[in-house]
Amino acid sequence: QVQLVESGGGLVQAGGTLRLSCAASGRTFSQYPMAWFRQAPGKEREFVAGINWNGGNTYYAASVKGRFTISRDNAKNTVYLQMNSLKPEDTAVYYCAAGSIAGPEGNYNYWGQGTQVTVSS
C-alpha cells in the first residue's frame with residue numbers, strides 16, 4: 001500500500017516555472033514506477049511523465065517533452081515534476097500515481113489527491 005500526497009501547485013504566468021512534489025508513504029516506494037497525470041476541466045485525464053523504479057528510464061507526453069522533467073529521490077520517498085516554460089494549456093489538476101509498469105501504458109493503482117496548476121496568459 002502506498003499513500004501519495006502532492007504539493008507545489010499554484011498560479012504562474014505563461015513562461016514561468018513550477019516544481020511539483022509527490023511524497024509517498026511506505027518503505028517500498030523505490031519498487032514502484034511513478035508517473036504524473038493531469039486533468040483539465042472538461043477533458044480526460046492524460047499521462048504527462050513517468051519514471052521507472054531507479055530513475056534510469058523516463059517517459060514524456062509529446063506536449064511536455066523538452067519542458068518538463070520527472071525525477072525521483074528514493075531516499076526521500078519523493079517524485080518531482082519540474083515544469084518550465086509553462087503554457088496556459090498546461091492548466092490542470094496534476095496527479096501523482098504509483099504503478100507496476102513504467103510508462104504511459106503502466107498499470108497505476110495508487111493515486112494522490114491532486115494539486116492545481118494554473119497558468120495565466
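These legends describe close-up views of a predicted model. Local features need pLDDT of at least 70, side-chain atom pairs count only at pLDDT 80 or more, and totals for chains, interfaces and linings use all residues. Residues are numbered from 1 along each chain as its sequence is written, and side-chain values use heavy atoms, without hydrogens and water.

**View A. The largest nonpolar core holds 28 residues.** Such a core joins buried Ala, Val, Leu, Ile, Met, Phe, Trp, Tyr and Cys residues through side-chain atoms within 4.5 Å. Buried means under 20% relative accessible area, exposed over 50%, partly exposed in between (1.4 Å probe, protein chains only). Met34, Trp36, Val79, Leu81, Met83 and Tyr94 touch the most other members. Apart from this core lies another, of 5 residues, including Phe37 and Phe47.

**View B. Tyr32 and Tyr110 form an edge-to-face pair.** Rings of Phe, Tyr and Trp (its six-membered ring) pair with centres within 6.5 Å; planes under 30 degrees apart are stacked, over 60 edge-to-face, the rest tilted. Here the centres are 5.9 Å apart and the planes stand at 90°. The two residues are 78 apart in the chain. Tyr32 is buried at 17% relative accessibility; Tyr110, at 22%, is partly exposed.

**View C. Phe37 and Phe47 also meet edge-to-face.** Their ring centres lie 5.6 Å apart, with planes at 85°. Both residues are buried. Together with Tyr108 and Trp111 they form one aromatic cluster. The charged end of Arg45 sits over the ring of Phe37, 5.9 Å from its centre. The rule for this is NZ of Lys or CZ of Arg within 6 Å of the ring centre and within 35 degrees of the ring normal.

Technical notes: Helix = DSSP H or I, 4+ residues; strand = E, 2+ residues; numbered from the N terminus.
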